[in-house]
There are 4 protein chains.
Amino acid sequence: MSLTGVIPPVCTPLTPEYEVDAASLVRLVDHLLAGGVDALFVLGSSSEVAYLTDAQRRVVLDTVVGHVAGQVPVLAGVIDMTTPRVLEHVRSAVAAGASGLVATAPFYTRTHPEEIRTHFRTIAARGGLPLYAYDLPVSVHTKLPAELLLELAAEGALAGVKDSSGDDGALRRVILGRQRGQGTPFSVLTGSEVTVDSALWMGADGVVPGLGNVDPHGYVQLYRSAERGDWEAARAEQERLVRLFEIVRVGGARMGGSSAGLGAFKAALHLRGVIDCPLTALPQIPLDDDETGRVGKLLAAAGLL
Amino acid sequence: MSLTGVIPPVCTPLTPEYEVDAASLVRLVDHLLAGGVDALFVLGSSSEVAYLTDAQRRVVLDTVVGHVAGQVPVLAGVIDMTTPRVLEHVRSAVAAGASGLVATAPFYTRTHPEEIRTHFRTIAARGGLPLYAYDLPVSVHTKLPAELLLELAAEGALAGVKDSSGDDGALRRVILGRQRGQGTPFSVLTGSEVTVDSALWMGADGVVPGLGNVDPHGYVQLYRSAERGDWEAARAEQERLVRLFEIVRVGGARMGGSSAGLGAFKAALHLRGVIDCPLTALPQIPLDDDETGRVGKLLAAAGLL
Amino acid sequence: MSLTGVIPPVCTPLTPEYEVDAASLVRLVDHLLAGGVDALFVLGSSSEVAYLTDAQRRVVLDTVVGHVAGQVPVLAGVIDMTTPRVLEHVRSAVAAGASGLVATAPFYTRTHPEEIRTHFRTIAARGGLPLYAYDLPVSVHTKLPAELLLELAAEGALAGVKDSSGDDGALRRVILGRQRGQGTPFSVLTGSEVTVDSALWMGADGVVPGLGNVDPHGYVQLYRSAERGDWEAARAEQERLVRLFEIVRVGGARMGGSSAGLGAFKAALHLRGVIDCPLTALPQIPLDDDETGRVGKLLAAAGLL
Amino acid sequence: MSLTGVIPPVCTPLTPEYEVDAASLVRLVDHLLAGGVDALFVLGSSSEVAYLTDAQRRVVLDTVVGHVAGQVPVLAGVIDMTTPRVLEHVRSAVAAGASGLVATAPFYTRTHPEEIRTHFRTIAARGGLPLYAYDLPVSVHTKLPAELLLELAAEGALAGVKDSSGDDGALRRVILGRQRGQGTPFSVLTGSEVTVDSALWMGADGVVPGLGNVDPHGYVQLYRSAERGDWEAARAEQERLVRLFEIVRVGGARMGGSSAGLGAFKAALHLRGVIDCPLTALPQIPLDDDETGRVGKLLAAAGLL
């Protein structure tokens, strides 16, 4: 069965002591389920996976898989530098009962397409769960080639791709290149919050929107509209979400892009009453009061406050 | 006391089952100590730290710190994406009895100089051991600015830098910018195998050469010659080592740079009889017989076989 | 009046002696006009502008502007490293009777948004013709920020943008950010051959497709379908063109991307009988017979041979 | 005869109307010759070649070649995007009586080592003058591979390289890789102002320092000291020049690197009374009074005011 629909990459609320706030996390999951999402993706970039210790990652996995209790699939990110370290996370994800795995190409090391192929094949073989490739050049500094994705799809090593490259031309090559109806299905999911209607129009199967933490209902509306062929409604909803997405720019040049983006999502979740504390993990720079105020105004303009 | 001299980043020999080969690792440490090195650096890039699981990292630490037993300082790499994950490795390194810590800037996340500052300050404060910044843009995709290094040196957060950026102009700015004789010393160590004589000439304190695994004696000769002012001898030795360093190019374009470099170091250590098995961790591509033969010829030409 | 529709960046046929083949160029222009295009863009990247001498650029301008004789607007690329050199090309374009100008940000130099602002303002003030910003990070190594484009649009310095960045999220920010109905219109034109239907769906005004040299009729069909709201037809046509676009990959890794892309366009135009000689300028590598044969097969599959 | 010694890349003084100030240029040439330089390099990056029109480039060439009148060799930059455009500049340089040519790899286009090889071979064959490769990845976005340089050196296509890559490890590979005493000599010239002593120590033949405009005497002292084996004196002089080089950082983040560097050189030349006007070409941002004051303080600290 192919993965489709809205699959938000769940944020990880923290306590003021920088520990996982399980109560807030459960509320966030309920908020997402109430929004009608089709699956959840924990331990992705939006979860601050790069900042969570292995123990914290396990708390997230156990909390979410336990609370969801099979209502929707829960994908688990297994983000680390190379195959052996990724396999450790695979073990935890399988033990926690995840429904699927999401892995990037190797990073930190100087890699090669042949090595990326071995990497995904090994994870697929050892994991025993559907494996999704995570294409995130801004973090991994490699763009997954369409040919490699299609080859790994054809042999059944990959069940899909989460494309956060922002390169919708390459996305389309993958969509048109896969052979539908032959063997395993291959899900193409866009991670780009602002071109979801057009990605679905091209044939993508779903979306993994960080902004979906803040407005799951909006993305579900967008997806359902597209599904029933009401593209005008999908576009109108997408354009509202494009304007809302400006929250990630509020932090501006005084901090890194991760601080600005994740800080904005958490500020919005806090302002909406979903989580107790908007803190992001170290060494990220927090939004200040003025910036939080501007997030609030954008929320209000989008009808969310 | 400032760190000086030759501090090789110790390779991690593996068994055919991809586990740490502790017996070979001990032999490698003895080979390095016999070569006269001044300290050891475990869990750096040359150790395949990016490929080692946390458990394997602990085996390396315990094996080396235990075997060295205080004869020379042992620095420990604490390589991970962000502060909280790095702090986990710090804990292990401190527990194992490491003499100092080596950390990069955050990677995978989109970071900012202010965040890098917080990152190093936090690690220094929590670690309680001398902290060395590891400047490795090819892996981390950030170049540590000279100003930031000097500021962190002045406040005592950093005890030194291992500069593997290949940018010797920037290295010189740091060397000339540090204020000698005021407060904590700040060690400038080059990680560039092929410009050691010139880095020492500029005032660097030492070298962390991956190639020093293969020929520790050569780098020690180079350093001692420079120390006693015999720069002609230092250059002659350096030029021999530049020719030997061609082993890292034998793997060529059919594999990633990490596979080619680390594979060559291990092939050479195997050919020299120091380690039992030249295997590198997954998903690296191994050198084939022809490539190993060419490594052997370069070893022979350098007088090492 | 805002620029809309299909505006192919006209290739520059060469003689076997590497001179502009004016007769073939006239035939190519007729082929494009017969295809129903709305305007022409000469001296863009697809014209090999980077390879043409100033004298050759003038031949292209004079030939095309003269032959078109006002049937459609003719935009002229004024591609050079910095403002003073661009202004020389502006002079030629104005003298030749071009309808508008297309300029990139400065390149080769290490530039800054403030400098890019001055650059476009100066060209607009001196040129006296509508000025379009050309966003081509793969060549210019700078991405034009949406804010800067919108600011220059609001003040009337820019009449539009040709976006060849492949970043359709950023494209959408510009589309939604411009203030329609206030002052000068601002045309958003995509340069991405494979996402034209979706760019139009988002609100783009037109397309500047290199592949439109080969199949102008296809892009005109696509555009007209979208214009009358038949998005299914637009998508079907786009998908045919996505498959045809594979011709740019035939040259593969044995040559640069410019050689492969421009060589494929010219091979196709030669196979279709539009131009006399498929030669590309030095130092580009020509397609060999096998590669040309594969271009032919893709043309046939697209119904063009 | 191989090119050696100090070869400053001559700045191009401008009038307040942005035209070449030939009188100031002549004074600058005299200032350099009085400093004892071995050759001159006009129309390099430090000359603002990227900003000069072709007519201005010719004024520079004619002024300098005419004034120097054979006292020292005058190399001419032939900087443009591709072979045919470079060949136009070659024609002008040859006509003006230049002693040698300096060319980069193709830029703006997406190129390939095979194309770079054809590019240099064609320029060498057509130019009939010694050709020097200009390795400037910060502008050209390609690093010239050592193997390619050595191959072109061996076949006589290249007479040398000006290495402004800052990668002194790669520089050393070229130095050690060339075959001395066989056929044409191959000059290795560093363009890095702050590692001249060490480059000479490695075997480089000379230096092309932008900062040499400001302090030609200093670089000549450095070179002569190294030449006679007084490396301590060379280093002391180099360290003084490293401190002086801080002038290029005065402009900081409010402008591009070219504005900051070239603006500082010109401000210093103006403060030293060599040129009439410190203006840089558009769209560069000028240094303000405060910044100019800081340049003056650094000049004074270096004993130049």
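**View 1. Salt bridge between D54(B) and R85(A).** In this predicted model, the side chains of D54(B) and R85(A) form a salt bridge, with an N to O distance of 2.8 Å. Across the interface of chain B and chain A, the rule finds four salt bridges. Polar contacts between chain B and chain A link 22 residue pairs, counting pairs with both residues at pLDDT 80 or more.

**View 2. The side of chain B that touches chain A.** Elements of chain B that give two or more residues to this side are helix 2 (54–68), helix 3 (83–96), helix 4 (113–127), helix 5 (137–140) and helix 11 (257–271). By residue class, this side of chain B holds 19 nonpolar, 19 polar and nine charged residues.

**View 3. Area buried between chain B and chain A.** The contact involves 47 residues from chain B and 47 residues from chain A. About 3,800 Å² is buried between the two chains, and carbon and sulfur atoms give 60% of that area. On the chain B side, R85(B), Y108(B) and R110(B) lose the most area to chain A; together these residues account for 22% of what that side buries.

**View 4. Surroundings of A39(A).** A39(A) lies in the loop that runs between helix 1 (22–34) and strand 2 (40–42) of chain A. Its relative accessibility is 0%, so A39(A) counts as buried. Leaving out residues up to four places away in sequence, A39(A) touches L3(A), V6(A), I7(A), P8(A), V72(A) and P73(A). R172(A) is 133 residues from A39(A) along the chain, and the C-alpha atoms of the two are separated by 23 Å.

Note on methods
Residues are numbered from 1 along each chain as its sequence is written. Chains are lettered from A and ligands numbered from 1 in the order in which they are written. This is a predicted model: local features need pLDDT of at least 70, side-chain atom pairs count only at pLDDT 80 or more; totals for chains, interfaces and linings use all residues. Side-chain values use heavy atoms; hydrogens and water are left out. Helices (H or I, at least four residues) and strands (E, at least two) are DSSP runs, numbered from the N terminus. Buried means under 20% relative accessible area, exposed over 50%, partly exposed in between (1.4 Å probe, protein chains only). Contact means heavy atoms within 4.5 Å. Buried area is the accessible area (1.4 Å probe) that two parts lose on being put together, summed over both. A polar contact is a pair of N or O atoms within 3.5 Å; within protein, one must be able to donate a hydrogen and the other to accept it, and residues adjacent in sequence count only if both atoms are side-chain atoms. Ala, Val, Leu, Ile, Met, Phe, Trp, Tyr, Cys and Pro count as nonpolar, Asp, Glu, Lys and Arg as charged, and the others, Gly among them, as polar.
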